[in-house]
Amino acid sequence: MQLPLKSYDTNFHIFFASHYVHHWFNPWNAKWFAGFSQTTYPPLPQQWVAIVSWVLGLNMAYMAVQFAAILLLVVGVYRFSMLWVSPRAASFAALASVLLSSECFLVYSAGQLSTTAAAPIYLNALPYFYDWIRYGKWRSFLKAVVLFTAAAAAHHATLIFGSMLFALPVIVLALMDRKDDENSSASALVMRTVMIVLLVGAAIAVVLLPFWIGLIRYPITQTPIPHPSRANYILSPQWGVNYFIVPYGALILALPFIILRGAKVVRLRPLLLGFWVTFMIGLGGTTPVARVLLGRAFEVLTFERFSYWATLLALPILGLLVAELVDRFRMRAIVPLTLLASLSCALAVAWSTFRPADAANFKVDSVAQWLNRDGHDNYRYITLGFGNKLSRLAIMTDASSVDGESNSSRMLPELTRYGGAALTSAKYFAKPGLDSLRAMLAHSDRYGLKWVIVRDPYYEPLLYFAGWRKVDELDDKTITVWGKDGVPPATPMNASQMPPHWQGVMWGTLPFGSSLLAILVVLIPEKRRRGWQDEDPSTTPEDLNSGRMIS
């Protein structure tokens, strides 16, 4: 049950949450990068982890919030699928989402809490978005606005790149479904679309104002950091398995059906187009599509999230396939479908064991205790060979570091100039990573960097020739502490990037408040939503089943 705690980014999210536990209205965090602002990352999931941790503790709070996101996904997939297919097919799509390989991959291997929290909220908002565009229902308008805003407060990448991939097919669907006797002319639908887009844009601008201010004042100009999700999966099959086979699982077998049925049924064509574009982008560097469509953003993004979004867009059509197979073959279909779905889920979950995000399973308690005693926390430190335990250590110690895991938050030139990620994993980025480490060690006096805590002997010769010496050993000599004489105590850095008090108040109030408002607004009763069931010949079950591929 606690396997998600071992995923790659889990400790990163828990670290952010731990700061909100103690400094809810002050996003300035002194523990990484000699000081950085957490307004560089939308806070909603981490703030919920912080709130729940007051009762359950940080670890179980993370699990609880991740579980809530999974529950929201099931509801969101069902409601989104109802726009495109029959209720029965939508039910199968929702059931498939429970065992979705890409969801399991993000939860158990990647640990992308923000992605898995934001996408379900968008899916739940889209049916209200459709109802407003097509019918002009004000309750749906209000619900769509608050849900879109809450989703934006959960994750900026899903807002900037994912929201359009989901919303555009829904807009086209509303235009296709309009009727002359419903006061739903094309111009009226376009006006309603523009109206809600403008209002949602204004709401997001206000709720995430500190984020936008930071992005404008300090744009991301660092040297691109390589990531295997941008690889060519054909030339690098090990990454093809990791970022294509595992996230898609048995869904790969359904791709021909998804493409052919989506192309044949007019109603499903917008959904197919959205899926196809997202699918192609999710292939990373395997095709030129992602680089052409995203431009420089290609070098900043990771692409497992696009594969996740593509599988969500494919689920309604997959629900059709499952419904047809079950109707025709009954148990002869139910058994293999159940086995395929279960094996896909099992593979994605087990992948965290076959290819762990951090193979070294060790505790950092002794290191935290060492840093917290004898005035050691008056100086800054870095770790080498700690992997994602870097974040766990930062939670447990009062000392600050010049390293960290949030690549978009760092401003120190030694970290942004060379194209390496966290210093603790410098060797995995070859020359750029080691150059960044050497530059930081050379400028240790500037940052009050006195301690280097090493768990990988690979780095020891580099430290020795850079003038550092071994000062202590921990955990049966598996961890060594290196120091440098003459380093002055650490002093506050990056003061120009420190958010003013009013931004801290906004950051602690509006994003979390948007989620509370969304919960309250969604509880407002609403008449039964109309979707595929309308008395429009283009949306009858017969048309959805036309061109049946199963003979």
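The model is predicted: local features need pLDDT of at least 70, side-chain atom pairs count only at pLDDT 80 or more, and totals for chains, interfaces and linings use all residues. Numbering starts from 1 along each chain as its sequence is written, and side-chain values use heavy atoms, with hydrogens and water left out.

**Stop 1: aromatic pairs**

Across the whole structure, a search finds 40 aromatic pairs. Rings of Phe, Tyr and Trp (its six-membered ring) pair if their centres lie within 6.5 Å; planes under 30 degrees apart are stacked, over 60 edge-to-face, and the rest tilted.

Select W32 and F36. Their rings are stacked, 5.9 Å centre to centre with 20° between the planes. W32 is buried at 0% relative accessibility. F36 is buried too, at 2%. Buried means under 20% relative accessible area, exposed over 50%, and partly exposed in between (1.4 Å probe, protein chains only).

Now select F129 and F148. This pair is edge-to-face: 5.5 Å between centres, 80° between planes. F129 sits in helix 6 (residues 113-135) and F148 in helix 7 (residues 138-152), so the pair ties together parts 19 residues apart in sequence. Helices (H or I, at least four residues) and strands (E, at least two) are DSSP runs, numbered from the N terminus. F129 is buried at 3%, and F148 is buried at 9%.

Next, select F12, F15, F16, W32, F33, F36 and Y41. Ring pairs link them into a cluster.

**Stop 2: charges over rings**

Select K389 and F362. The charged end of K389 sits over the F362 ring, 5.4 Å from its centre. The test is NZ of Lys or CZ of Arg within 6 Å of the ring centre and within 35 degrees of the ring normal. Then go to K427, which lies over the face of Y458, 5.1 Å from the ring centre.

**Stop 3: helices 8 and 9**

Show helix 8 (residues 156-177) and helix 9 (residues 186-207). They pack at about 160°, axes 11 Å apart. Axes are lines fitted to C-alpha atoms, for helices over the stretch in contact; angles run from 0 to 180 degrees between N-to-C directions. The two helices are therefore roughly antiparallel, a label for angles over 145 degrees.

Show side chains. L159, I171, A174 and L175 in helix 8 meet A186, L189, T193 and I204 in helix 9.

**Stop 4: N11**

Finish at N11, in helix 1 (residues 10-22). N11 is buried, at 4% relative accessibility. Which residues does N11 contact, leaving aside neighbours within four places in sequence? They are L5, N388, K389, S391, R392 and I395. Contact means heavy atoms within 4.5 Å.

Conventions: Parallel < 35°, antiparallel > 145°, perpendicular 65-115°, else oblique.
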